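Here are my notes on the charged pairs and the ligand site. Have the structure open while you read, and check each point as you go.

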Amino acid sequence: MQSRSDETIAPASSFSPPSQAGYTGYRASRGRGSVGDSPQLPVEIRNYLDGALSRLIAVVSPDRTRVDRSGVRFFRAPGRVNLIGDHTDYNGGLVLPMAIDLAVFLACLPSRNVFLISRREPGLVALAPDGSQAVSNYSLPEWGRYVQGVLVELTERGRPPKGFYGAIASQIPPGRGLSSSAALEVAVATAALALAELSLSPWELAEACRSAEQRYAGVACGIMDQAISIMGKAGHALLIDTARKSAEQIPMPELFDIVAIDSGVRRSLAEAAYNARRQECASALQMLNKDGRIGKIDTLSDITEEHLNEATKPLPAILAKRVRHVVTENVRVRKVSEILRELYSLYRESPDPKSARVLQSRVDSCLAKLRELLEDSHTSLVTQYDAGHPTTNFLVEQAAHEPGYIGARQTGAGWGGSVVIFAKKGTGADLARSLIQQITRNPQTRNIAGPDATAPSFHVCKSSQGASEL
Ligand code: GLA
């Protein structure tokens, strides 16, 4: 079980008060962010990266004495947990992810080509700075395709990278629903832009990274994971409107532990199922536009809740269910964002004894609504989107019996994978340990985990800043 080490590798990130200022432009800059919310480079990771860079240079540089080691630069891009809004990001809908305190770190020094090694992944990535070809004699390891995709995308967007020696260390366990590949793409893109003294808007950068993943790693993902890794902010979740390409920081009340539990169920069919759902949504959109009864729509998220019944009439039952999930999930994302805002402001009020009870009842009513929305989201993913799994169902159902429980749902693509649990502050780790014990001991959940299953694990997520130079 990985839970203990999960907790110890997490750097402390402190809560910062909300700011009304929106996110304006993206250029990796040193020391961005106010004191207290700027992410740190853990000493152990720094030491590893320094050593790894030296080893890399010794291997690939014919005359390493000429490499000036004084200018090493460090970059960081976080993973994420999605609080609510799944399978909406490729339907022009709303999502509410939070950047977390597990990240990819990248150290680099200028070079003629791009040479990159990773602490976790095998092999050496050696590519021309524009990603067009491998440096002679080097074959590209699997993970190098993400790097190549980013270099090509930046070049195609008129932001040609310069070469660098780079070493990567990631705190994000892969395949656990915390978005390790988007963080890798964003870390590489952030470093490449900074080294070339170039910039891109946050949305263009997110598009470049998403497109890298689609074209070079063959994953037809939406834009949520890349966008939050770039635009996340400590103390906040991010309400993203994927059609309008706008994002709003939602302050997180200090009431919760947000726990991501990975069920350990590997989603062997998930990629195929994910692509199938995308296809179904595209078919539904096409049919609705052909039918015309609700007028022309650009995405399924243009359908309002009011028109939902009318909209689903001409559709086959399966497609009607998919549309129902998308439309209702968008509504839930908006409501959860409002509740979090309200809780944040309630929590900041320091009541005199007379109004304390009134305040408490408002908090309780917000928490009850939050629970309902999270659980409805889960039910919709399972019954309307058919993206559930008995083990994640079990986790969500059992969580409700644990002390400190506020609400839970499956998160990310689904078909196994992870759940996100809102628990009262200070109770999240115990709650997660208890649930993991239950799925490990229960013969039913143990036996259906499948041959690729890994040990379940959890992480109590702290919010964090998006990508930056350190
Ligand atoms: C995966 C994709 C995201 C999103 C989720 C489902 O994590 O990478 O873009 O579509 O599934 O919400």
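1. First, the term we need: a salt bridge here is a side-chain nitrogen of Lys or Arg within 4 Å of a carboxyl oxygen of Asp or Glu. Side chains of opposite charge can pair when their charged atoms come close. Keep in mind that this is a predicted model. Counting by that rule gives 26 salt bridges. Let's look at a few of them.

2. Start with Asp 50 and Arg 46, a salt bridge whose closest N and O atoms are 3.6 Å apart. Both sit in helix H2 (residues 43-60), and because they are 4 residues apart there, about one helical turn separates them. How accessible are the two partners? Asp 50 has 23% relative accessibility, so it counts as partly exposed. Arg 46 has 39%, so it is partly exposed too.

3. Now try Asp 257 and Lys 425, where the closest N and O atoms of the salt bridge are 3.9 Å apart. Is Asp 257 buried or exposed? At 10% relative accessibility, Asp 257 is buried, whereas Lys 425, at 48%, is partly exposed.

4. Next comes Glu 329 with Arg 332, a salt bridge with its closest N and O atoms 2.9 Å apart. They are 3 residues apart in helix H9 (residues 317-348), which means about one helical turn lies between them. Glu 329 has 0% relative accessibility and is buried; Arg 332 is buried as well, at 9%. Elsewhere on your screen, find Arg 277, Glu 280, Lys 321, Arg 322 and Asp 386: salt bridges with shared partners join them into one network.

5. Finally, the ligand. Residues around it include Arg 80, His 87, Asp 89, Tyr 90, Cys 221, Met 224 and Ala 413. By class, this shell has 5 nonpolar, 3 polar and 4 charged residues.

6. For Asp 225, a side-chain N or O atom is 3.0 Å from a ligand oxygen. On its own the ligand exposes 310 Å², and the protein buries 91% of that.

Definitions and conventions. Residues numbered from 1 in each chain as written. Predicted model: local features only at pLDDT ≥ 70, side-chain atom pairs only at ≥ 80, totals over all residues. Heavy atoms only, no water. Helix = DSSP H or I, 4+ residues; strand = E, 2+ residues; numbered from the N terminus. Buried < 20%, exposed > 50% of the residue type's maximum accessible area, 1.4 Å probe, protein only. Near = heavy atom within 4 Å. Polar contact = N/O pair within 3.5 Å; in protein donor to acceptor, adjacent residues only side chain to side chain. Areas by Shrake-Rupley, 256 points an atom, 1.4 Å probe, with all protein chains shown as cover. Nonpolar A, V, L, I, M, F, W, Y, C, P; charged D, E, K, R; others polar.
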